[in-house]
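Q: Please pick one part of this structure and go through it closely with me. I'd like to hear about salt bridges.

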Amino acid sequence: MRKLTAISMALLLAASAVFANGGQEKAPAKAETAAKKATKIGFVVINDESDQGYTWNFMNGMNAAIDKLKADGYNVELLVKRNTTESAICKDNNLELAEDGCEVIFNNSYGFEPFMLEAAREYPDVKFIGMTNCGSQSDGNPNTYNAFASIYEGRYVAGVAAGMKLNQLIAEGKITESQAVVGYVGAYSFAEVVSGMTSYFLGIRSVCPSATMKVYFVGTWGDATLEEAAAKSLIDAGCVMISQHSDTTSPALAAQKAGVFHTGYNTDMTKAAPQASLLSCRINWEPYFYTFIKNYIDGVENPSDYTGTMAEGAVTVTDLNTAIAAPGTAEKLAQVENDLKNGKLQVFDTSTFTVKGEKLTHAFALDTNGDFTPDKEEAVYDGAFHESKFQSAPYFAIQIDGIEWLNAAY
């Protein structure tokens, strides 16, 4: 009998496998093919790592996730489009990544979503994810997603640290109770910023009830010059503590130069301003990036709208600057974080603030167009406004008493 060649034997085994599967060859799982072909991941970002803030934080999370995936045996390749404007360029960058073979494309800025959605319709087989947005989950396209985190928890914690410092300044006679004024550099006056600055203020008020806050909106996410000017104007208006929902370290540097204190966002700003910055709150994006990409490769569907929490490790605060923090701050923050994680503490407890002198009794969650509408879920129940429960993107857009907006809203 003629001996089978190696090729003939391989063909015979393949045919046997097909027969055993009812005449259909079983397709290999994505995880099995990952070792043969790299899965390309695209990332469209608004700045670059040099901002030492927003994009820096995103890129750290993505790079850590990619490294972890590779360590777990997944063959992945990252392609990045940096310094993308919130314009048609964003759509072009998404399309270019799709044309370059990216199967999953993340977008990291609020204003990217309309352009990302246009690109998503042209590439229905590619997964597009908008961070800090809310339109992708309900646009009717199965290939679009939203993700954010309950950063208001981190801001509340940062507020407690700021309030403890204000109490120390009052106790030492450096300021009076009425001079416990906080300045906040905000990018825009929509819900994401308003939610964050309000939760920060409520954290301060939880330990320093005489505190008030002034907010200056700069109308951009990452302009160092405008952020510095805003911080200076707040300091000139009597603010002894500065915080921010903006992307650069300029407010921290302005605070240090003026001899006041600061809490930051996205990155440990104590390195830039060690005599001023107490700590920062940040979103840890690594778990989400890792899980989404892994699920995709493994053939597991991801949720269309995801909110990471402090309990899950998606929201964190950086190490406390103990050289300048008030005594007892570390212990207090540990208690507050634990209470947030186990649900004992509600950030937007309606007994802790008023709106035009009245207690907040009802406020409907935002719809995807960014408007409060009575046909959506009621966000106030069980004595609290429940942020990010009905969509990942924040929808607390209420101006509460004690916070003064210094300029026109953007």
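A: Buried means under 20% relative accessible area, exposed over 50%, and partly exposed in between (1.4 Å probe, protein chains only). This is a predicted model: local features need pLDDT of at least 70 and side-chain atom pairs 80 or more, while totals for chains, interfaces and linings use all residues. Numbering starts from 1 along each chain as its sequence is written, and side-chain values use heavy atoms, leaving out hydrogens and water.

The structure has 10 salt bridges (a side-chain nitrogen of Lys or Arg within 4 Å of a carboxyl oxygen of Asp or Glu). Let's start with Lys91 and Glu118, whose closest N and O atoms are 3.5 Å apart. Glu118 belongs to helix 5 (residues 113-122) and Lys91 to helix 4 (residues 88-99), so this bridge links parts 27 residues apart (helices, H or I, of at least four residues and strands, E, of at least two are DSSP runs numbered from the N terminus). Lys91 is buried at 19%, but Glu118 is partly exposed at 31%. Glu122 joins Lys91 and Glu118 in a network of salt bridges.

Next come Lys37 and Glu103, bridged at 3.0 Å, N to O. Lys37 sits in the loop between helix 2 (30-33) and strand 1 (39-44) and Glu103 in strand 3 (residues 102-107), so they tie together parts 66 residues apart in sequence. Here Lys37 is partly exposed at 48%, and Glu103 is buried at 19%.

Finally, Lys214 meets Glu404 at 2.9 Å, N to O. Strand 7 (residues 212-217) holds Lys214 and strand 15 (residues 403-405) holds Glu404, 190 residues apart. Lys214 is buried at 17%, whereas Glu404 is partly exposed at 39%.
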